[in-house]
Amino acid sequence: MKVGLHARDIPVLVGAAVTESELAYDHLVGRDPVLRCLVHRFGRPEPFSHREEAGLGGHFPALVRYFGARQFRAPSTSTVYAQICRASCGHPSPAMVADLGADRLTALGVPRADADRLVRLSQAQLAGDIDLDLLVGRNDCQVRQILARYGIPRDVTDLFLIRRLHRPDVLPVDDPVLARVVRRIWACGSADEGFGRQWAPFRTYAAALLWEVSQAVPPQDGWRIQDPG
């Protein structure tokens, strides 16, 4: 049987019905014995199970929602976002957010710093300085750089990359739940930029697995990692 080359330079069988999820977890268990143990115990969770995007507007309202989520598996339709939708008479557009202004957004429950960022982003979109629709064609690093110009925090950008753009290689290092799991299993300070580099190009799947672990194991329980072989 012929062997083809995957877009990420990982060989796969041509014509075989290999999903990205299967490819990702096979890669992770082959590269990291700890993740191999966790996959054996907790399975292979799907990182892109958030299908709330359908019917909820475009990229701009998605970013507004993620300001209220801030965690990998947190519900993105928060109480604050519902308040913004009511004030906007629908899912917020750049014009609506710019019209509300930072003061009104703060009154609706958005932290002041985030309200200022959202207004800045909406004004940039209206002025044509940024087009969020074009981010689909950018790589992860470029998306981070573009959104950072307008003060969008790393945790919000990570959610945008994962939930909206379905990028497979994003490790949400600022997620407190994931950081806690990393500290407990690897006994290190934090999941910084260099942590989990061997998981690339499927760090989003590693994050989904670690989140599953955090939900399945009570905080008071100890961790026993035993390689099933």
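Helices (H or I, at least four residues) and strands (E, at least two) are taken as DSSP runs and numbered from the N terminus. The model is predicted, so local features are given only at pLDDT of at least 70 and side-chain atom pairs only at pLDDT 80 or more, while totals for chains, interfaces and linings use all residues. Residue numbers start from 1 along each chain as its sequence is written, and side-chain values use heavy atoms, with hydrogens and water left out.

On that basis, Trp199 lies in the loop between α9 and α10. Its relative accessible area is 0%, so Trp199 is buried; the cut-offs are under 20% relative accessible area for buried, over 50% for exposed and in between for partly exposed (1.4 Å probe, protein chains only). Setting aside residues up to four places away in sequence, Trp199 touches His27, Leu28, Asp32, Leu35, Leu171, Trp186, Ala206 and Leu210, where contact means heavy atoms within 4.5 Å. The C-alpha atom of Trp199 is also 6.9 Å from that of Arg31, although 168 residues separate the two along the chain.

Now for the chain as a whole. The protein chain has ten helices and two strands, and from the N terminus on its elements run β-β-α-α-α-α-α-α-α-α-α-α. Of the 229 residues in the protein chain, 48% are buried. Among contacts between residues at least 6 apart in sequence, 65% join residues at least 24 apart.

The largest nonpolar core has 68 residues, and Leu38, Leu105, Leu147 and Leu210 are those with the most contacts inside it. Helix α10 (residues 203-216) gives the most to this core, with eight residues. A nonpolar core here is a set of buried Ala, Val, Leu, Ile, Met, Phe, Trp, Tyr and Cys residues joined through side-chain atoms within 4.5 Å. For Leu147, leaving out neighbours within four places in sequence, the contacts are Leu63, Ile130, Leu132, Leu135, Ile152, Thr157 and Phe160.

Helix packing comes next. Two packed helices are described by the angle between their axes and the distance between the axes. Axes are lines fitted to C-alpha atoms, for helices over the stretch in contact, and angles run from 0 to 180 degrees between N-to-C directions. Helix α1 (residues 20-31) packs on α10 at an angle of about 80°, with the axes 9 Å apart. That makes α1 roughly perpendicular to α10, given that angles under 35 degrees count as roughly parallel, over 145 as roughly antiparallel, 65 to 115 as roughly perpendicular and the rest as oblique. On the α1 side the contact is made by Glu20, Ser21, Ala24, Tyr25 and Leu28, and on the α10 side by Tyr205, Ala206, Ala208 and Leu209. By class, this contact of α1 with α10 has seven nonpolar residues, one polar and one charged; Ala, Val, Leu, Ile, Met, Phe, Trp, Tyr, Cys and Pro count as nonpolar, Asp, Glu, Lys and Arg as charged, and the others, Gly among them, as polar.

Helices α3 (residues 59-69) and α8 (residues 154-164) have axes that come within 9 Å and cross at roughly 125°. The two are therefore oblique to each other. Along α3, the residues His59, Ala62, Leu63, Arg65, Tyr66, Phe67 and Ala69 meet Val156, Leu159, Phe160, Arg163 and Arg164 of α8. The residues of this contact of α3 with α8 divide into eight nonpolar, one polar and three charged.

A further loop residue, Pro47, sits between α2 (33-42) and α3. With 3% relative accessibility, Pro47 counts as buried. Beyond its neighbours within four places in sequence, Pro47 is in contact with Phe72, Arg73, Ile162, Thr204, Tyr205 and Ala208.

Lastly, some backbone details. Arg70, in the loop between α3 and α4 (79-88), has a phi near 70°, a positive value in a residue other than glycine. At 23% relative accessibility, Arg70 counts as partly exposed. Cys89, in the loop between α4 and α5 (94-107), likewise has a positive phi, near 60°. Cys89 counts as exposed, at 74% relative accessibility.
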